[in-house]
Amino acid sequence: MCGIVGILGTGPVAGQIVDALKRLEYRGYDSAGIATLEAGRLTRRRAEGKLRNLETRLAAAPLEGAIGIGHTRWATHGKPSEANAHPHASEKLAVVHNGIIENFKALREELSAKGHKLETETDSEVAAFLVTDELAAGKSPIEAVAAALPRMRGAYALAYLFDGEDNLLIGARRGAPLAVGYGQGEMYLGSDALALAPFTDLIAYLEEGDWVVLTREGAVFHDATGKVVTRRKIRSPAGGLLIEKGNYRHFMAKEIHEQPEVVGHTLAHYIDMSEQRVRPFAWPVDPAKLSRITICACGTAYMAGLIGKYWIERFARLPVEIDVASEYRYREAPVDASGVTIVISQSGETADTLASLRYAKENGSKIVGIVNVPTSSISRLSDSLAPTLAGPEIGVASTKAFTCQLAVMAAIAISLGQARGTLDEASAAALVAELVAIPGLIAQALKLEPAVEAIAHSLAKARDVLYLGRGTAYPLALEGALKLKELSYIHAEGYAAGELKHGPIALIDEAMPVIVIAPRDPVFEKTVSNMQEVAARGGRIILIGDKSAAEEAAVGLAHFLAMPEMGHEFAPIVYAATVQMIAYHTAVIMGKDADQPRNLAKSVTVE
Ligand code: M6R
């Protein structure tokens with residue numbers, strides 16, 4: 001996590017650094033800081049909390065330097081405080097870090113024993129003093145960084161600024177992304193191309209283990225062995241303008257409402273709309289020869305994978321194994337060397353997902369990446385890229401990225417079924433017809449917002465909430481619970497409705513809201529039976545189903561959200577919008593920050 005930026009400018013750079021940090025705030029907002037050279041001397045401004053606190057501090061005490069580094073933090077080691085805020089500094093240098101230096105304890109002891117005064121609770125501070133120690137031994141800044149980097153274990157993207165060196169920044173990456181930007185007499189470092197978009201679209205990415213020496217004249221890249229290497233410059237598609245909220249109160253609200261458009265846009269990439277046929281997907285392995293598929297992802301992207309598993313198994317008759325990436329990467333799972341691993345990620349930088357991708361790849365599997373950020377590490381490492389065209393997602397809670405991930409999973413599952421001969425033309429055509437109707441149905445579902453808001457008022461008083469669903473509505477129940485937890489901090493659980501009687505039914509009482517997601521699918525009646533079990537125990541049921549669902553349920557409902565009628569296969573893509581609105585409005589009513597919930601970050605680049 002954490003966002004880092006460095007600028008070698010031609011005028012004062014503090015304002016530009018703040019602009020870049022605004023674009024990186026999705027990576028963390030526990031504290032922020034900037035260091036520049038003022039008349040050649042290192043000067044820092046840091047503040048706990050969101051970036052606006054740093055802006056207030058800079059307004060009171062501006063920085064004028066033409067070279068600087070900046071950081072926005074998601075705390076891993078050490079509480080979110082000004083003292084632990086980056087840049088960390090010695091008398092000789094300042095550094096910003098994204099990642100975790102795993103051997104920091106041993107390094108801290110060694111450096112302290114040598115007389116260095118490390119003052120923070122962070123792992124990152126050793127990155128400052130390791131290089132300081134090498135400088136003290138008489139090395140130049142470049143030699144000192146080259147000597148220090150191999151001593152740090154774990155993950156890092158680093159940017160170093162040196163006292164008295166007003167034409168030098170040094171960046172390094174291992175396990176965390178870093179990009180170099182080329183401007184007109186200016187040079188930039190940033191965690192991603194989006195951060196640098198206001199200044200330049202000419203970007204080169206550091207590869208794993210690389211470090212780079214930046215001056216206003218250009219960049220010299222070194223690989224992990226220190227050899228000078230060339231890294232290709234590319235034009236980044238990241239938009240120059242900072243994405244705005246428009247008339248919405250939060251980015252999340254805007255992103256929920258963008259779904260008809262972006263899901264439609266994504267579907268149009270996979271479906272030939274004039275022919276109403278799914279375009280054949282470029283599987284990196286002959287689909288006929290596949291014996292199973294593995295899916296890895298985290299958080300909401302994992303929920304998309306769970307739903308995708310139902311579709312692939314049903315349409316392509318192929319077993320799907322799915323795991324959260326933080327487990328998959330370490331459980332030494334046997335990898336099918338002739339197989340395919342699908343990794344799903346909005347950011348394309350999630351550390352555990354990236355590590356799972358590498359594990360699968362090293363063991364011979366080909367990778368299909370379902371990714372929203374086309375320039376991300378996962379996009380670049382995938383053998384076949386299946387883009388989601390959601391556009392930049394700023395709200396920490398994944399909304400439009402999720403429904404676009406589902407749209408992609410649905411389309412490639414149909415394509416896989418056709419390629420394997422398990423879906424005939426007529427069945428595929430029927431599925432495509434259902435799928436292309438989805439954007440319009442989401443637009444209809446969004447009209448339920450006033451009703452959702454009314455329900456959110458009662459949910460805002462709950463201590464716990466249960467979500468139930470069967471079939472593809474089960475992963476959506478998990479997703480609903482995740483959304484509510486992360487945004488409102490209300491404890492919520494998602495359950496397979498059929499599992500209820502195996503334990504969780506003991507939780508049901510008059511105070512427990514139970515949100516039942518029951519699209520009209522082949523298991524609708526089973527879900528209704530489970531709902532009756534809840535009703536019999538006094539649970540407060542909120543039913544999300546089609547118009548006649550409430551009548552057929554024949555139980556007392558606390559609330560009913562009447563969804564549009566639709567085919568059942570892809571209903572979770574539509575029902576997702578309702579589930580997202582429930583979490584959003586509950587959080588807003590409770591006065592929580594829907595775009596930047598506490599303790600979270602948009603892109604989880606540490607494990
Ligand atoms: O960028 P990714 O899709 O890889 O992120 C995965 C999760 O961190 C993400 O979906 C997270 O669970 C969201 N905050 C959920 O809303």
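Predicted model: local features only at pLDDT ≥ 70, side-chain atom pairs only at ≥ 80, totals over all residues.
View 1. Beyond neighbours within four places in sequence, Thr350 is in contact with Cys298, Ser345 and Val604.

**View 2. Cysteines without disulfides.** The structure holds zero disulfides. For Cys2, the closest cysteine sulfur is that of Cys298, 17 Å away and too far for a bond. For Cys404, the closest cysteine sulfur is also in Cys298. Here the distance is 19 Å, again too far for a bond. Cys2 is buried at a relative accessible area of 6%. Cys404 is buried at 0%.

**View 3. Tyr160 and Phe162, a stacked pair.** A search of the whole structure finds six aromatic pairs. In one of them, the ring centres of Tyr160 and Phe162 are 6.2 Å apart. Their planes meet at 20°, so the pair is stacked. Tyr160 is buried, and Phe162 is buried too.

**View 4. Trp311 and Phe570, an edge-to-face pair.** The ring centres of Trp311 and Phe570 lie 5.2 Å apart. The planes stand at 65°, so this pair is edge-to-face. It links distant parts of the chain, with the two residues 259 residues apart. Trp311 sits in helix α9 (residues 299-316). Phe570 sits in the loop between β27 (559-563) and α20 (571-589). Both residues are buried.

**View 5. Charged side chains over tyrosine rings.** Lys233 lies over the face of Tyr182, 4.4 Å from the ring centre. At another site, the charged end of Arg598 sits over the ring of Tyr489. There the distance to the ring centre is 3.9 Å.

**View 6. An open sheet of seven strands.** The strand order is β5-β6-β7-β8-β12-β13-β14, and the pairing is antiparallel. β5 (88-89) and β14 (228-229) stand at the edges. Each has a single partner strand, so one side of each is left without a neighbour in the sheet. Within the sheet, β8 (residues 169-174) and β12 (residues 211-215) pair in the antiparallel sense over four bridges. Ile170 stands opposite Val213 in β12.

**View 7. Ala35 and its surroundings.** Ala35 is in strand β2 (residues 31-38). The residue is buried, with a relative accessible area of 0%. Ala35 and Arg45 are ten residues apart along the chain, and their C-alpha atoms are separated by 6.5 Å. Not counting residues up to four places away in sequence, Ala35 touches Thr43, Arg44, Ile67, Gly68, Ile69, Pro87, Ala94 and Leu161.

**View 8. The cis peptide bond at Pro87.** The peptide bond from His86 to Pro87 is cis, with omega near -5°. Pro87 is in the loop between β4 (67-73) and β5. Pro87 is also one of the residues that Ala35 touches.

**View 9. Thr120 between α3 and α4.** Thr120 lies in the loop between α3 (104-113) and α4 (125-136). At 10% relative accessibility, the residue counts as buried. A polar contact of 2.8 Å joins its side chain to that of Thr122. Not counting residues up to four places away in sequence, Thr120 touches Ala83, Asn84, His88, Arg108 and Glu125.

View 10. Arg317 is not a glycine, yet its phi is positive, about 50°. Arg317 lies in the loop between α9 and β19 (320-324). With 56% relative accessibility, Arg317 counts as exposed. Ala554 also has a positive phi, near 50°, in a residue other than glycine. Ala554 lies in the loop between α19 (549-553) and β27. At 60% relative accessibility, Ala554 counts as exposed.

Definitions and conventions. Residues numbered from 1 in each chain as written. Heavy atoms only, no water. Phe/Tyr/Trp six-rings, centres within 6.5 Å; stacked < 30°, edge-to-face > 60°. Buried < 20%, exposed > 50% of the residue type's maximum accessible area, 1.4 Å probe, protein only. Lys NZ or Arg CZ within 6 Å of the ring centre and 35° of its normal. Pairing = 2+ DSSP bridges. Disulfide = S-S within 2.5 Å. Contact = heavy atoms within 4.5 Å. Polar contact = N/O pair within 3.5 Å; in protein donor to acceptor, adjacent residues only side chain to side chain.
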